[in-house]
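My entries follow in the order in which I checked them.

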Amino acid sequence: SFEEKIAKACRMMSGAYTFMVVTKDSLYVVRDPHGIRSLYIAKVDEGYCISSETCSFPILGGEFIREVNPGELICFNCEGMKSSQIIEETKTKACALEYVYYSRPDSVHNGLTVHEVRKQCGYYLASEENIEADIVVGVPDSALSAAASFARTLNVPYETGLIKNRYIGSTFIRPTEQQRMQGMRVRLNAISSVVKDKRVYLVDDSVVKGFTSRRICQLLKEAGAKEVHLRIASPMLKYPCLYGADSTAQKDLAAFNYTVDEMEQLFQVDSLRFLSVEDFKKCVPEASCLACCTGEYPEDLQDYKDEVKE
Ligand code: SF4
């Protein structure tokens with residue numbers, strides 16, 4: 001049967017995936033056996049809706065049913081919904097970076113709202129703080145939940161010091177460095193009256209290549225900030241994602257190439273600190289993939305071994 005063919009193909013594959021196959025009378029959905037990528041089901045009117053993020057369901061007037069289990073194949077047709085566990089031995093390792101920046105804050109993974117997880121990251125980041133600053137500014141949009149919680153924990157005023165241009169997409173997904181540079185210039189702007197002569201805690205979600213971080217810090221200094229203390233609400237990303245979330249090669253990752261001191265100089269900030277892996281683990285579910293922070297990949301790397309260095 002068609003179902004058996006999908007199952008057979010999936011047993012031959014390794015890695016992270018979710019996919020759908022549409023035939024004349026059925027819709028099949030599959031999630032990888034480690035559940036690295038997410039997939040959810042909702043009921044909408046007389047039909048079903050499948051999405052990698054739960055935030056899409058209320059928008060469509062859908063009622064959340066459940067997540068697709070790791071290694072599960074579900075067939076939807078006029079008879080309803082039929083599930084089969086096509087790969088039995090599964091050890092869930094859902095992508096922890098969904099909470100950091102991939103997902104919207106109103107999405108829920110593994111029972112945890114992304115916004116709440118980001119707040120926890122901000123809380124733990126602040127718990128280790130030891131310098132004085134006048135205001136906290138978050139980088140829109142994905143760092144705002146962590147930045148607000150960071151400010152609340154330290155009892156330092158939270159300010160909107162950066163404004164995002166709503167009419168331009170993410171610089172991260174642009175294919176060339178030159179396009180990313182152009183995108184960055186029009187994507188964010190600093191409000192000088194907020195940051196001028198201030199010692200600023202700047203909270204961002206992550207540092208990938210470091211290009212964006214450097215430019216944002218530069219923006220604040222150009223707008224008159226007296227000091228910029230960059231705080232990152234996730235651990236250092238030293239290892240490549242081999243599961244399709246990000247295509248940045250390890251040799252291009254800032255945290256693989258530089259120490260924290262070197263990054264401080266590169267970004268021209270007065271100080272820089274990351275959330276520790278230990279604290280990040282307290283914020284995300286225990287069964288999470290953290291490979292890009294720790295180098296511990298959920299499965300054998302096979303052909304990709306040479307792409308990962310200590
Ligand atoms: S390596 Fe990182 S980005 Fe890739 S799936 Fe694992 S946690 Fe997510």
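I began with the second largest cavity, whose lining by class has six nonpolar, one polar and two charged residues. For these classes I counted Ala, Val, Leu, Ile, Met, Phe, Trp, Tyr, Cys and Pro as nonpolar, Asp, Glu, Lys and Arg as charged, and the others, Gly among them, as polar. Among the lining residues of the second largest cavity I noted Arg 118, Ser 142 and Asp 205, and helix 3 and helix 4 (114-127) are the elements that give two or more residues to that lining. The space in the second largest cavity is about 50 Å³.

I note that this is a predicted model, in which local features need pLDDT of at least 70 and side-chain atom pairs count only at pLDDT 80 or more, while totals for chains, interfaces and linings use all residues. Residues are numbered from 1 along each chain as its sequence is written, and side-chain values use heavy atoms, with hydrogens and water left out.

A cavity here is a set of points, on a 1 Å grid over the protein atoms alone, where a 1.4 Å probe fits but cannot get out, and lining residues have an atom within 4 Å of a point. Grid points are joined across faces, edges and corners, and a volume is the space filled by probe spheres set on the points. The largest cavity has a volume of about 180 Å³; of its 21 lining residues, Leu 97, Tyr 102, Cys 241, Ala 245 and Cys 292 are the closest to its centre. Helix 3 gives three residues, the largest share of that lining. Helices (H or I, at least four residues) and strands (E, at least two) are DSSP runs, numbered from the N terminus.

I then turned to the sheet, which is open and has five parallel strands in the order 12-11-15-16-17. Strand 12 (158-159) and strand 17 (271-274) are at the edges with a single partner strand each, so one side of each has no neighbour in the sheet. Strands pair if DSSP finds at least two bridges between them; strand 15 and strand 16 pair over six bridges, and Asp 204 has Ile 232 of strand 16 as its bridge partner.

Last, I looked up aromatic pairs (rings of Phe, Tyr and Trp, its six-membered ring, with centres within 6.5 Å; planes under 30 degrees apart are stacked, over 60 edge-to-face and the rest tilted). The structure holds nine, including the tilted pair of Tyr 40 and Phe 64, at 6.1 Å centre to centre and 50° between the planes. Tyr 40 lies in strand 3 and Phe 64 in strand 5, so this pair ties together parts 24 residues apart in sequence.

Definitions and conventions: 1 Å grid on protein atoms, 1.4 Å probe; cavity = no way out; pocket = protein on both sides within 12 Å on 5 of 7 lines; lining within 4 Å.
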